[in-house]
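Work through the exercises below with the model open. Try each task before reading its solution.

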Amino acid sequence: MQTSTCPRGRKGNPWTPRSRAPPGAFTDLDLPRLGARIGVGEDEIHAFLDVETSGHGFDAQGRPIILFEPHVFFRNLSGTARAHAVAAGLAYVRWGEKPYPRDSYPRLKAACAIDETAALRSASWGLGQVLGENFKAAGFLTVQAMVEAMMEDEALQLAAAVNFIAANRLDDKLRKHDWAGFAKGYNGASYRKNAYDTRLADAFRKWSGIKDTPWPPAAPAQPPAPVPIPQAPQPEGPTPSAPKAEPGKAGVRPWAVVVASLVAAILPLFRKVPSLFRKAKP
């Protein structure tokens, strides 16, 4: 039974407490950049993140924020594995049968020992709390690949949530500020129990009063380009080089060569001119 993804931390190492903020936090540009993919501004994305995870994708120990859902684990199991999970208190039929513990990781690790794929599919991950079952809508080939991305950084967590929103056609509801419609599609039919829609509206009003990050970002200043100067068209092909001057002598200028050629051609004509005026013999 594989347990390589589930109980381990970033880059395959065991989870360890961190005394600083985890690396890989999203930047101010990530919000408008990813929001632009679904036609919304950063205020809508901020509001969504505030409601889902208070705007943080990692906990104090540097682990992706997760919520393990025993009722989802139940439906992802069958037979002996399901019976084992139910007996261990890791799976039950209906949502809300028991309160959630403060830390979901002990449950997740125990669930992985029963069935890793089912366990990963049964947790909500990262900034957008995307359920592992929805890995395809989030843009991944496997749930393991999704979890690895969630471990990496917050920008990837947010990208997965944006993919899920677009795949389920919730982007239009977000653009229209249909908070109830978005809440039902993203959080489920029971969204009113935790006032998901009104919290979205309140968060959006808060962020609407804060100046946005410009998007697209302004291009860095460039040195001024030289002013173009009109020039005569140049003949195609290599330009003949001027003849080099012999040592001790001045170089011959091209126009002098042309004049000398013309004089040489005209002189013979002048020698013939007197014959034109001679009288014909009687």
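Helices here are DSSP runs of H or I with at least four residues, and strands are runs of E with at least two, numbered from the N terminus. The model is predicted.

**Exercise 1. The chain as a whole**

Task: State how many helices and strands the chain has, and what share of its residues count as buried.

Solution: 
- Step 1. The chain has 12 helices and three strands.
- Step 2. Take the burial next. Of its 282 residues, 36% count as buried.
- Step 3. Check the contacts between residues at least 6 apart in sequence. Among these, 65% join residues at least 24 apart.

**Exercise 2. H10 against H11**

Task: Classify the packing of H10 and H11 from their angle, and list the residues that meet.

Solution: 
- Step 1. Two packed helices are described by the angle between their axes and the distance between the axes.
- Step 2. H10 spans residues 179-187 and H11 spans residues 196-208. Their angle is about 120°, and their axes lie 8 Å apart.
- Step 3. Angles of 65 to 115 degrees count as roughly perpendicular, and those over 145 as roughly antiparallel. H10 is therefore oblique to H11.
- Step 4. The crossing of H10 past H11 is right-handed.
- Step 5. H10 contributes Trp179, Ala180, Phe182, Ala183, Tyr186 and Asn187. They meet Tyr196, Asp197, Leu200, Ala201 and Phe204 of H11.
- Step 6. Sorted by class, the residues of this contact of H10 with H11 are nine nonpolar, one polar and one charged.

**Exercise 3. H2 against H11**

Task: Which residues of H2 and H11 meet, and at what angle do the two helices pack?

Solution: 
- Step 1. H2 covers residues 42-53. H2 and H11 pack at about 135°, with axes 8 Å apart.
- Step 2. H2 and H11 are therefore oblique to each other.
- Step 3. H2 passes H11 in a right-handed crossing.
- Step 4. From H2 come Asp43, Glu44, His46, Ala47, Phe48, Asp50, Val51 and Glu52. From H11 come Tyr196, Arg199, Leu200, Ala203, Phe204, Lys206, Trp207 and Ser208.
- Step 5. The contact of H2 with H11 holds eight nonpolar, two polar and six charged residues.

**Exercise 4. H2 against H10**

Task: Describe how H2 and H10 pack, and name the residues in contact.

Solution: 
- Step 1. The angle between H2 and H10 is about 50°, and their axes are 13 Å apart.
- Step 2. H2 and H10 are therefore oblique to each other.
- Step 3. H2 passes H10 in a right-handed crossing.
- Step 4. Glu44, Phe48 and Glu52 of H2 make the contact with Trp179, Phe182, Tyr186 and Asn187 of H10.
- Step 5. By class, the contact of H2 with H10 has four nonpolar, one polar and two charged residues.

**Exercise 5. Burial in a strand and a helix**

Task: Is Ser124 buried or exposed? Then name the buried residues of H7 and what covers them.

Solution: 
- Step 1. Ser124 lies in strand E2, residues 123-125.
- Step 2. The cut-off for buried is under 20% relative accessible area. Ser124 has 8% relative accessibility, so it counts as buried.
- Step 3. Leaving out residues up to four places away in sequence, Ser124 touches Ile65, Ile66, Leu67, Gln129, Val130 and Leu131.
- Step 4. Move to H7, residues 143-152. Its buried residues include Val143, Met146, Val147, Ala149, Met150 and Met151.
- Step 5. The cover over the buried residues of H7 includes helix H6 (116-121), E2, strand E3 (130-131) and helix H8 (154-167).

**Exercise 6. Positive phi in loops**

Task: Where are His177 and Ala195 found? Give the phi of each.

Solution: 
- Step 1. His177 is in the loop between helix H9 (171-175) and H10. Its phi is positive, about 60°, although His177 is not a glycine.
- Step 2. His177 counts as partly exposed, at 30% relative accessibility.
- Step 3. Ala195 is in the loop between H10 and H11. Phi of Ala195 is near 50°, again positive in a residue other than glycine.
- Step 4. Ala195 is partly exposed, with a relative accessible area of 28%.

Conventions: Residues are numbered from 1 along each chain as its sequence is written. This is a predicted model: local features need pLDDT of at least 70, side-chain atom pairs count only at pLDDT 80 or more; totals for chains, interfaces and linings use all residues. Side-chain values use heavy atoms; hydrogens and water are left out. Buried means under 20% relative accessible area, exposed over 50%, partly exposed in between (1.4 Å probe, protein chains only). Contact means heavy atoms within 4.5 Å. Axes are lines fitted to C-alpha atoms, for helices over the stretch in contact, and angles run from 0 to 180 degrees between N-to-C directions. Angles under 35 degrees count as roughly parallel, over 145 as roughly antiparallel, 65 to 115 as roughly perpendicular and the rest as oblique. A crossing is left-handed if the near helix is turned anticlockwise from the far one by less than a right angle, and right-handed if clockwise. Ala, Val, Leu, Ile, Met, Phe, Trp, Tyr, Cys and Pro count as nonpolar, Asp, Glu, Lys and Arg as charged, and the others, Gly among them, as polar.
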